[in-house]
Amino acid sequence: MAFDKQLFDSIIEEFTVAPEELRTIAADFRYDLKQGLADPEQSSLRMLKSYLGLPTGKEQGEYLALDFGGTNVRVLRIRLEGEGKFEILKKVAKPLIVEGEYDYIGASSTKDQMFGLLAELIDEAVEGNHEQKYLLGHTFSFPSSQTDVNNARLIIWTKEFATPGVEGEVVNDLLKEALDKRGLTNVEPVAVLNDTVAVLLSAAYKQSGTYIGSIYATGHNTCYLEPNVDGVPMILNLESGGFMKLLPSRFDNVIDEQSEKPGEQRLEKMVSGRYMGELYSLALSELLGTKDKWKSYGFTAIDLSGILADEGKERSEVQKIVAERTGVSLTAADAEMARDLAVAISKRSARLVTATFVGIIWQLTGSGKVQQQHIAVDGSVYEKMPFVKENIMRALSELLGEEAAQVDTVLDNGGSGLGAALAAAMARA
Ligand code: GLC
């Protein structure tokens, strides 16, 4: 078969963010940021207080770090050595869902199963030691409203998590209960923080001049150091995945309607790894003329990366991946278009994410000059998806002109764990 060229062009058009649209989105993001600082109710950004500033770089001691926010949970025992140095003493991990075996994030799971698994992993990380006292930092990567560094109440699940009984609860109470059940009364949770905050802490511990932290992975979100929150500098978790002033395509609308939380996380559903493969599935099924128009072929962000990485003339890898998912063998010409579709979806993602970074930079800069700085980013999409970094750099230049030279993005791999340990140290400083 051959794809309908007109239809193809119209789909690509829908996924294209033109320069003036990019600028408008960055400006709207800045506007929402400003509104949010005055009154979060008036903004699509939640602007959640972390009760943390930046680390001094001198933090020391041994801590437990619990990293909970995706399908894989990790617990680390980390020794902070100051001067940006640290050592990982132990690392254990376990998925919250194993197909065919168990699922602790679906609607039929329970909070006891979920938090039981966390306690089990913590037990492993301390190697069964129920005597020695440990302070624990908990990276909990969902929108939570905090009253202090240790008290965080889950507002709403995102990223398609659906475990009942956790929304509206104080997560540390649930964790404490699970720890007590296992006899782990020697483990004291002292800080809860978002993963974006953890990444910013981790990057700032190692390198000064970092004020923005972002996750670009299964989910997407950004935080920044606001110079003045009730008189002190404080990191605010924007929950930028909830930003709404966007022009969604018809595919984005279908994804939203079919999601666990329609109407929520509109930016996240357009840019993050959890949804990009799905967007690709929907658009491709239209091109393939699939009977069930919104058929999901189950493409993942990893498939998209494979498709993007195929720079060969024949696009044979594209053909292979598409055939595996859809059962259709594409002609070379169609494979070319199938790759262009992946290019358009991933490029849009990187451009939208960059617009939000620039919105923050504009807000921080005011009418002055852009300060030299690094934006710390962690996550599989940023790290592994081909051309994402280049597309971010290009969009930064497009929006900031010459001043883009002041800004770069740096990968802070695994920052969630180190950041949690730092938060625990800072909470007890
Ligand atoms: C989702 C969560 C947010 C988190 C992000 C990255 O957007 O709501 O809290 O930071 O995913 O994990």
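**Tour of the ligand site**

Select α5 (195-206) and β12 (220-229): each of them supplies at least two residues of the shell around the ligand. The model is predicted, so treat the distances below as computed from it.

Next, display the whole shell. The ligand is surrounded by 15 residues, and the closest are Thr158, Asn194, Asp195, Glu239 and Glu268. Colour the shell by residue class to find eight polar, four charged and three nonpolar members.

Now colour by domain. Domain 1 (5-46 + 210-411) contributes at least three residues to the shell, and domain 2 (60-193) likewise contributes at least three.

Move on to individual contacts with oxygen atoms of the ligand. Pick Glu268, where an N or O atom of the side chain is 2.4 Å from a ligand oxygen. Then pick Lys159: one of its polar side-chain atoms lies 2.8 Å from an oxygen of the ligand.

How much of the ligand does the protein bury? Taken alone, the ligand exposes 300 Å², and 98% of that is buried by the protein.

Notes
Residues are numbered from 1 along each chain as its sequence is written. This is a predicted model: local features need pLDDT of at least 70, side-chain atom pairs count only at pLDDT 80 or more; totals for chains, interfaces and linings use all residues. Side-chain values use heavy atoms; hydrogens and water are left out. A residue is near a molecule or strand if one of its heavy atoms lies within 4 Å of it. A polar contact is a pair of N or O atoms within 3.5 Å; within protein, one must be able to donate a hydrogen and the other to accept it, and residues adjacent in sequence count only if both atoms are side-chain atoms. Accessible areas come from the Shrake-Rupley method with a 1.4 Å probe; for residues, only the protein chains shown count as cover. Helices (H or I, at least four residues) and strands (E, at least two) are DSSP runs, numbered from the N terminus. Ala, Val, Leu, Ile, Met, Phe, Trp, Tyr, Cys and Pro count as nonpolar, Asp, Glu, Lys and Arg as charged, and the others, Gly among them, as polar. Domain bounds come from an automatic or database domain assignment.
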